[in-house]
Amino acid sequence: MKFLTFAIVYPIIWLISRLPMRFLYIFSDFFFFILYYIVGYRKKVVQSNIQTAFPSKNQSEINKISKKFFKHFIDLIFESIKAFSISQKEINKRYKYLNPELINKYAKEGRSIALIGAHQANWEWALGMPYFLNINCYGAYTKIENPYFEKVIKDSRTKYGFDGVPTRQFNKSISNRQAKGIQSLYILLSDQSPQLHKAKYWANFLNEKVPVHTGAEILAKKYNLVVINMNTTKVKRGYFETEFELITESPKDFEDFKISDKFLTITEKHIKAQPECYLWTHKRFKHKDKYNQWLENKKTSHK
């Protein structure tokens with residue numbers, strides 16, 4: 001059954017991916033109209049998230065950001081499909097890196113790097129990053145149950161030099177590589193909400209106290225990784241720029257969770273600059289009222 005599903009769906013995806021971007025954006029406009037005005041896909045979730053993040057904005061402003069977000073979100077879906085067949089020449093034209101020399105400086109020094117970022121603008125097209133960096137690049141991804149889709153998606157994401165590692169195996173992979181002295185850059189998108197029982201730290205983010213992913217900080221301290229933030233900005237439809245920003249080259253000098261705090265501050269600033277380009281479809285603040293419960297559970301578990 002899994003192969004049958006793959007055999008039916010993948011040729012359609014592949015054919016769509018071969019279309020020029022201008023045709024894909026025509027499809028995107030059509031599906032935006034269907035999903036936004038007729039289906040109303042996650043519309044309430046998106047507007048609730050934006051209202052929480054920007055409490056001073058009125059309903060008209062929230063609706064405007066929400067509409068822009070959905071236009072961007074449907075574009076992102078088709079851009080992700082295009083990633084299956086996009087050429088290196090086209091990806092390099094559409095996705096610019098403003099200061100790769102920052103990463104290459106530490107690569108030349110023999111340092112490994114934790115590159116942390118958010119689900120902002122377009123992270124799927126970062127697949128061309130290894131072309132500009134003088135370091136082995138590794139990214140965590142969620143493994144797909146269908147093995148046929150798993151293979152083609154992994155092949156697509158790694159065709160220009162990235163090595164993809166399933167999220168559950170990522171920590172072990174880093175440990176093995178560091179033990180062997182293999183210099184690497186590890187890309188970690190760290191802005192989404194972790195499972196409540198796995199949360200180690202809560203922080204204020206976009207006006208709410210929320211649990212925070214701290215894996216990047218823990219790994220950076222354990223292996224003395226340089227911590228660099230990547231921020232991607234949408235320049236115009238189908239064109240993006242990524243800028244790298246040093247968080248620290250000495251992670252062990254930071255008190256616990258201060259690196260995570262710094263990342264959240266940077267991320268919040270960039271979200272406010274382009275709110276329509278952040279991934280609002282997930283229930284980002286679903287745990288916002290559970291901090292006291294988490295504290296109680298933590299106290300009980302330590303008794």
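This predicted model holds 8 salt bridges. One of them pairs D75 with K234. D75 sits in helix α4 (residues 59-82) and K234 in strand β8, so this pair ties together parts that are 159 residues apart in sequence. The structure also holds 2 cavities of 30 Å³ or more.

**The D75–K234 bridge**
- The closest N and O atoms of D75 and K234 are 3.9 Å apart.
- D75 is buried, at a relative accessible area of 3%.
- K234 is buried as well, at 14%.

**Salt bridges of K221**
- K221 bridges to E217, with the closest N and O atoms 3.7 Å apart.
- Both residues belong to helix α9, and a spacing of 4 residues puts about one helical turn between them.
- K221 and E217 are both buried.
- K221 also forms a salt bridge with D256, where the closest N and O atoms are 2.9 Å apart.
- D256 lies in the loop between β9 (239-248) and α10, while K221 is in helix α9, so the pair ties together parts 35 residues apart in sequence.
- K221 counts as buried because its value is 16%, and buried means under 20%.

- Salt bridges with shared partners join D29, D75, K234 and R237 into one network.

**Largest cavity**
- The largest cavity holds about 110 Å³ of space.
- Its lining has 16 residues, and A118, Q120, M230, N231 and T232 lie nearest the centre.
- Which elements each supply at least two residues of this lining? They are β8 (226-236) and α10 (258-273).
- The lining of the largest cavity divides into 8 nonpolar and 8 polar residues, with no charged ones.

**Second largest cavity**
- The second largest cavity has a volume of about 50 Å³.
- Its lining consists of I116, S190, H213, T214, A216, E217, I259, S260 and F263.
- α10 gives the most, with 3 residues.
- By class, the lining of the second largest cavity has 4 nonpolar, 4 polar and 1 charged residue.
- E217 lines this cavity and also forms a salt bridge with K221.

Note on methods:
Residues are numbered from 1 along each chain as its sequence is written. This is a predicted model: local features need pLDDT of at least 70, side-chain atom pairs count only at pLDDT 80 or more; totals for chains, interfaces and linings use all residues. Side-chain values use heavy atoms; hydrogens and water are left out. On a 1 Å grid over the protein atoms alone, a cavity is a set of points where a 1.4 Å probe fits but cannot get out, and a pocket is an open set with protein on both sides within 12 Å along at least five of seven lines; lining residues have an atom within 4 Å of a point. Grid points are joined across faces, edges and corners, and a volume is the space filled by probe spheres set on the points. Ala, Val, Leu, Ile, Met, Phe, Trp, Tyr, Cys and Pro count as nonpolar, Asp, Glu, Lys and Arg as charged, and the others, Gly among them, as polar. A salt bridge is a side-chain nitrogen of Lys or Arg within 4 Å of a carboxyl oxygen of Asp or Glu. Buried means under 20% relative accessible area, exposed over 50%, partly exposed in between (1.4 Å probe, protein chains only).
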